[in-house]
Amino acid sequence: QYGNLGQNFSSSNNVALVTGAGSLWTNALDLFIGGQGSGNRLTVSNAGTVANAAGVVGSSSIGNGNEVVVTGTNSFWTNALDLTIGNSGSSNSMTVSNGGMVASGIGYIGNTNTASNNSVLVTGTNSLWTNTGNLYVGNFGSGNNLVISNGGTVAGGNGYFGYTSTASNNTVLVTGSNSLWTNSGNLTVGNNGSGNSMVITNGGTVTSATGSLGSLGTATGNSALVTGAGSSWGTLASSLYVGDAGSNNLLTVADGGSVSTGPGAALYVGNTGSGNRLVVSNGGTATAGNSYLGYGATASNNTALVTGAGSTWTNFGVLLVGREGGNNNLVVSNGGTVTASGFDTSAIGFASDNNSVLVTGSNSLLSVTGGGTTLIVGYDGASNSLVIADGGRVLSISGIIGFTNTAGLAIDNSALVTGAGSRWDNVNGLFVGFKSGNSTLTVADGGTVDAGFTFDIASQAGSSGTLNIGGFGTNDAAGTINAPKITFGAGTGTINFNQSNATTISAVIS
């Protein structure tokens, strides 16, 4: 009925070997490797087979250091129900190698809160652990780990590590070409727990329907690193959340690694959570339908950094920095590129305050160039800012600083273009204070603004807008304005000449 290898607390260092084609150990009910005993080992090799209902390695809190090895082509361990590596015990392990195969319903690595430092290694071509249900790396336990390497595969429904608030510091490593963790459902790094981490490197691949890094409110300090050429995390059907409701979670994409969402889906850096970060560096790539940096009203102080030549954040839709959350910021530096090519408006401060974008350094680019799109600094929010410095460039179809006039919401928004080679190029037009109050554009120290066909200051009644040539009180030089005409609208418009040198504006001022 039941199978037991090391059932009692004194039953330690026992060994079972099932080896050779046709060799079979079958149990009608569950199989326990180290119920209360320690150091017990089961090896399935050379096309041997073990079959049972549920499998448990390290059942009790004193069932520690037990081990299962499934190795070699056509070697099988089949669990009709769940498989648990470390139910309450610690330092238990399973290794699947050289084409060995393990099957189970739901998989657990570190099930209860005493189950720590349990591990699973799936390594080598055709080595497989498949779960018809979910896989938990740290359900309640801490310090548990899963490693998929050298072409091994783990497959299941939903993948969770750091599932509950006590499940901290669990890790997953997917490394090597053709190494794969595939989830037909969601993958959550830090569902409720903190300090959990996933590393995808050296060409490893992780796929899921939806991805979340820091899902619930207590999920803080979780991280994912996707690094190295060919390494990828793709959400095939839906969105990817960095800080869904959790805070201070970090996604890093570096050195040729990539993350991507499903077609038309979104990348959220702070859905309702705060202090979350996205870093794309050294040739890493992030691709999404739309992207939101600070989506909900509580999503504040989230940041994104895109830095280094070849580092890209590509959006086929819109980019909103501060949709409803405030104090979010994006930095594009050292040759990084961010693009939004959808047909709708991209904005800094869509319905929120104190959000910022900095584009700095030669070849650094923010491009908002979808048909008919506009880049708005302060759509319905106050004190949002765009800074283009030290050779950075922003390219947009049209630009607006301060859009609405709803109850004075879009006030005190600003843009600064400063430094030789720094440019804001607009294809159609630029509006400083479209409907709103106290909007400011400063062009200084060799920066250039190309307004396209239309340059309006304080376009509509009740608005106010200011163009500064040079920064007030800074003693810096002028910048350059390229426009056929600068038009003052129905509001209150001002041009201030603050520059330290002589300058010429060739546009007609009307």
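1. Let's start with Asn 327, which sits in the loop between β37 and β38 (329–333). This is a predicted model, and in it the phi of Asn 327 comes out near 65°, a positive value in a residue other than glycine. Most residues other than glycine have a negative phi. The side of the story about accessibility is simple: Asn 327 counts as partly exposed because its relative accessible area is 38%.

2. You'll find Asn 438 in the loop between β47 and β48 (439–444). With a relative accessibility of 40%, Asn 438 is classed as partly exposed.

3. Now the overall picture. How many helices and strands does the protein chain have? There are 0 helices and 55 strands. The C-alpha trace of the protein chain spans about 95 × 35 × 35 Å along its principal axes. The protein chain has 510 residues, and 59% of them count as buried. If you take the contacts with a separation of 6 or more, 85% of them are between residues 24 or more positions apart.

4. On to the empty space. Rolling a probe the size of a water molecule over the atoms shows where empty space is left. Searching the whole structure turns up 1 cavity of 30 Å³ or more, and the volume of the largest cavity is about 50 Å³. Its lining is made by Leu 319, Val 321, Leu 330, Ser 346, Ala 347, Ile 348, Val 357, Leu 366, Val 368 and Leu 375. By class, that gives 9 nonpolar residues, 1 polar and no charged ones.

5. Which strand gives the most to the lining of the largest cavity? That would be β40, with 3 residues. At least two lining residues come from each of β37 (319–321), β40 (346–348) and β42 (365–368).

6. In soluble globular proteins, nonpolar side chains tend to be buried together. The largest nonpolar core here has 91 residues, and the ones that touch the most other members are Trp 181, Met 198, Trp 233, Trp 424, Leu 441 and Phe 455. Strand β47 (residues 423–432) gives the most to this core, with 3 residues. There is also a second, separate core of 12 residues, with Tyr 268, Tyr 292, Ile 376 and Ile 400 among them.

7. Not counting residues up to four places away in sequence, Met 198 touches Phe 161, Val 172, Trp 181, Leu 187, Val 189, Val 206, Ser 223, Ala 224, Leu 225 and Trp 233. Trp 181 and Trp 233 from that list are also named with Met 198 among the core residues that touch the most other members.

8. Is Ser 422 buried or exposed? Buried, because its relative accessible area is 0%, under the 20% cut-off. Ser 422 lies in the loop between β46 (414–418) and β47. A polar atom of the Ser 422 side chain is 3.0 Å from the backbone nitrogen of Asp 390. Beyond its neighbours within four places in sequence, Ser 422 contacts Ile 388, Ala 389, Asp 390, Gly 391, Gly 392, Val 417, Gly 447 and Thr 448.

9. Ser 291 belongs to strand β34 (residues 290–293). This serine is buried as well, with a relative accessible area of 0%. Its contacts, leaving aside neighbours within four places in sequence, are Leu 267, Trp 313, Asn 315, Val 318, Leu 319 and Leu 320.

10. Ala 444 is in strand β48 and counts as buried, at 0% relative accessibility. What does Ala 444 contact, neighbours within four places in sequence aside? The partners are Val 417, Thr 418, Gly 419, Gly 470, Gly 471, Asp 476, Ala 477, Ala 478 and Gly 479. Ala 444 and Thr 480 are 36 residues apart in sequence, with their C-alpha atoms 7.8 Å apart in space.

11. Last one: Leu 83, in strand β10 (residues 83–85). Leu 83 is buried, at a relative accessible area of 0%. Apart from neighbours within four places in sequence, Leu 83 is in contact with Gly 55, Trp 77, Met 94, Val 102, Ser 104, Ile 106, Gly 107, Tyr 108 and Trp 129. Asn 202 is 119 residues away from Leu 83 along the chain, and their C-alpha atoms are separated by 29 Å.

Notes: Residues are numbered from 1 along each chain as its sequence is written. This is a predicted model: local features need pLDDT of at least 70, side-chain atom pairs count only at pLDDT 80 or more; totals for chains, interfaces and linings use all residues. Side-chain values use heavy atoms; hydrogens and water are left out. On a 1 Å grid over the protein atoms alone, a cavity is a set of points where a 1.4 Å probe fits but cannot get out, and a pocket is an open set with protein on both sides within 12 Å along at least five of seven lines; lining residues have an atom within 4 Å of a point. Grid points are joined across faces, edges and corners, and a volume is the space filled by probe spheres set on the points. Helices (H or I, at least four residues) and strands (E, at least two) are DSSP runs, numbered from the N terminus. Ala, Val, Leu, Ile, Met, Phe, Trp, Tyr, Cys and Pro count as nonpolar, Asp, Glu, Lys and Arg as charged, and the others, Gly among them, as polar. A nonpolar core is a set of buried Ala, Val, Leu, Ile, Met, Phe, Trp, Tyr and Cys residues joined through side-chain atoms within 4.5 Å. Buried means under 20% relative accessible area, exposed over 50%, partly exposed in between (1.4 Å probe, protein chains only). Contact means heavy atoms within 4.5 Å. A polar contact is a pair of N or O atoms within 3.5 Å; within protein, one must be able to donate a hydrogen and the other to accept it, and residues adjacent in sequence count only if both atoms are side-chain atoms.
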